[in-house]
Amino acid sequence: MNKIKIETALSHITKFAPFEDKAGASHFPIYNTGTFDLKKQNGDKIYDYTRSDNPTRETLENLFTEVEGGADCVCTHTGIASVALLFETVLKANSHILVEADCYGGTFRLLKVFKDKYNITVHFANFLEFDNVEKILQENPIELVLCESPTNPGLKIIDLEKIATLSHKYNSLFAVDNSLATFISQLPLKLGADFSLFSTTKYISGHGAVVAGAIVAKTEELAEQIHYYANAHGRSQNPMDVYLISLGIPTLKVRMKEHQENSIKIANYLEEQSYIKKVTHPALKSHPQYELAKKQMKYIPGVFCADFESLELAEKFIENTKIFGEKCSFGSPDSRVEIPAKISHASFSKEELKAIGIAEGTVRFSIGLENIDDLIEDIKQAVK
C-alpha cells in the first residue's frame with residue numbers, strides 16, 4: 001500500500017498506536033497512569049513511567065511524525081514548552097541564536113530568559129532580507145535559526161527553502177514554528193527545516209479546550225536528543241490532554257478551508273472601510289508576499305491584522321463587539337480580536353513593535369467558523 005495522504009492519516013489516528021487495541025475502539029484508550037508494571041508487559045516496547053513514554057501520547061507522536069515527514073516527535077504540555085524543549089536541546093551556555101524579529105510574544109519572553117540565565121546571544125533579523133541574514137550567519141557561530149511563517153503578528157511569509165539553505169551553508173540548525181500554517185498547509189521539514197514545532201492548542205485541536213504543543217525532528221539523531229531532554233526536563237504531555245487534542249484533528253482540513261474563506265471575506269470588507277489604514281492578510285493581492293504565500297501554503301490561516309486609524313477607535317471596536325471576543329490565541333471556532341501591543345506582544349517595546357510593522361491601532365483578527373454575515377454585522381455595529 002502506498003503512503004496515505006495527510007487527510008486520511010488524520011481520520012485514522014488509531015492506525016498510529018504502538019499496539020492494537022483488542023476492543024477495536026475508534027479512539028485509542030487513555031492510559032491515564034503514572035507507572036506501568038514491568039512484569040506484565042510482553043510487547044516490543046516497554047513502558048515504565050508516563051513522563052518518559054505513554055501509549056496514548058505515543059499514538060499522537062507517531063501521527064505527527066508521519067504527517068510531518070520526520071524521524072520522531074515529542075508532544076509537550078504547552079505550545080511554548082515545545083519552543084523551550086528546542087532551546088534546551090540545541091543551545092548551551094554562551095550559544096548564539098538567530099531569530100526572525102517578528103516572533104510570537106511567548107518566544108520573545110523565553111529568549112530573554114535564556115539570554116539572562118545562560119548568556120545566550122540572540123540575533124534578531126528581518127528574514128526577508130537574505131543578505132543581512134547571511135551576514136549574521138557569516139560573522140557569528142549561530143547554533144540555531146528560528147522563524148515562524150506566517151509570522152505572528154506581522155504575517156510576513158518567509159521563504160523557508162531559502163532560509164534552510166542559508167542556515168545549512170553555515171552549519172546552523174533550522175527550526176520553524178508552524179503553529180499558524182499547520183502541517184495541513186505546509187511541511188517545514190520537506191522545505192529543509194531540521195525541526196518543525198507547533199502549538200496544538202490552536203488550529204490542530206480546533207476547540208481551544210486544552211493547551212499543548214509538539215516538536216518533530218527530521219533525523220534520528222536529533223529525535224533522540226529531543227526525547228532525552230523532554231524526559232530530563234519533564235516536558236511531555238499528559239495522556240488526558242493528548243486525547244482532547246486528538247478529538248479535533250480529523251476535521252483540520254475542513255476547518256482550515258472555512259477559516260481561510262471567512263477571513264478573506266472579512267479582510268476584503270475591512271479594506272474597503274475608510275477607518276482602516278491597512279489590512280495585512282497573506283491571501284490578499286495587497287500582501288507583499290502574496291505569490292510566495294500561494295506557492296508555499298496550501299491553505300492560508302484565518303489570522304490577519306487590520307490597522308485602525310487610531311488606538312481609540314481600535315479599543316472602541318473591541319469593546320463594542322458582541323460576537324468577537326477579546327481573547328489571545330487563535331484557531332478556535334469562535335472569532336477573536338486583540339490589540340497585540342496590549343496582549344500577545346505586551347513584552348515588546350514600542351520600538352520593537354514598530355520595527356515589525358505593528359502600530360498602536362493594529363488589531364489582530366482570528367476568524368472562526370461563525371456565519372460570515374453575522375460577523376460583518378458585528379463589525380458594523382461596533383464602529384458606529
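Modeller: Let us begin with charges and rings. A charge sits over a ring if NZ of Lys or CZ of Arg is within 6 Å of the ring centre and within 35 degrees of the ring normal. In this predicted model, local features need pLDDT of at least 70 and side-chain atom pairs count only at pLDDT 80 or more, while totals for chains, interfaces and linings use all residues. Residues are numbered from 1 along each chain as its sequence is written, and side-chain values use heavy atoms, with hydrogens and water left out.

Biologist: Over the face of which residue does K202 lie, at 5.4 Å from the ring centre?

Modeller: That residue is F330. The charged end of K202 also sits over the ring of Y104, 5.8 Å from its centre.

Biologist: How is a pair of aromatic rings described?

Modeller: The description uses the distance of the centres and the angle of the planes. Rings of Phe, Tyr and Trp (its six-membered ring) pair if their centres lie within 6.5 Å; planes under 30 degrees apart count as stacked, over 60 as edge-to-face and the rest as tilted. By this rule the count comes to 19 aromatic pairs. One of them joins F183 and F198, edge-to-face, at 5.7 Å centre to centre and 75° between the planes. F183 lies in the loop between strand 5 and strand 6, and F198 in strand 6, so this pair ties together parts that are 15 residues apart in sequence. Helices (H or I, at least four residues) and strands (E, at least two) are DSSP runs, numbered from the N terminus.

Biologist: Are F183 and F198 buried or exposed?

Modeller: Buried means under 20% relative accessible area, exposed over 50%, and partly exposed in between (1.4 Å probe, protein chains only). F183 counts as buried because its relative accessibility is 1%, and F198 is buried too, with a relative accessible area of 1%. The rings of Y203 and F330 have their centres 5.7 Å apart and their planes at 50°, so that pair is tilted. Y203 and F330 link distant parts of the chain, 127 residues apart, and both are buried. Further, Y275, F304, F308, F317, F324 and F365 form one aromatic cluster.

Biologist: How many residues does the largest nonpolar core have?

Modeller: A nonpolar core is a set of buried Ala, Val, Leu, Ile, Met, Phe, Trp, Tyr and Cys residues joined through side-chain atoms within 4.5 Å. The largest one here has 78 residues, and those with the most contacts inside it include L63, F64, F183 and F365. Helix 9 (residues 252-271) gives the most to this core, with six residues. A second, separate core of 32 residues includes V83, F108, V122 and F195.

Biologist: Which strands pair with strand 12?

Modeller: Two strands pair if DSSP finds at least two bridges between them. Strand 9 (residues 303-308) pairs with strand 12 in the antiparallel sense over five bridges, with D307 as the bridge partner of T362. Strand 11 (residues 336-338) also runs antiparallel to strand 12, joined by three bridges; here R336 stands opposite S366. Strand 12 (residues 362-366) has five of its five residues buried. T362, R364 and S366 lie on one side, and V363 and F365 on the other.

Biologist: How should I read a salt bridge?

Modeller: Side chains of opposite charge can pair when their charged atoms come close. A salt bridge is a side-chain nitrogen of Lys or Arg within 4 Å of a carboxyl oxygen of Asp or Glu. A search of the whole structure finds 17. E338 forms one with R364, the closest N and O atoms being 3.6 Å apart. That pair links strand 11 to strand 12, across 26 residues. E338 counts as buried because its relative accessibility is 1%, and R364 counts as buried at 4%. In another salt bridge, D334 and K327 have their closest N and O atoms 2.8 Å apart; D334 is partly exposed at 21%, as is K327 at 36%.

Biologist: What of the backbone?

Modeller: Most residues other than glycine have a negative phi, and most peptide bonds are trans. The peptide bond from S149 to P150 is cis, with omega near 0°, and a cis bond also joins N152 and P153, with omega about 15°. Both P150 and P153 lie in the loop between strand 4 and helix 6. Phi is positive at N171, near 60°, and at T182, near 70°. N171 is exposed, at 72%, whereas T182 is buried, at 1%.
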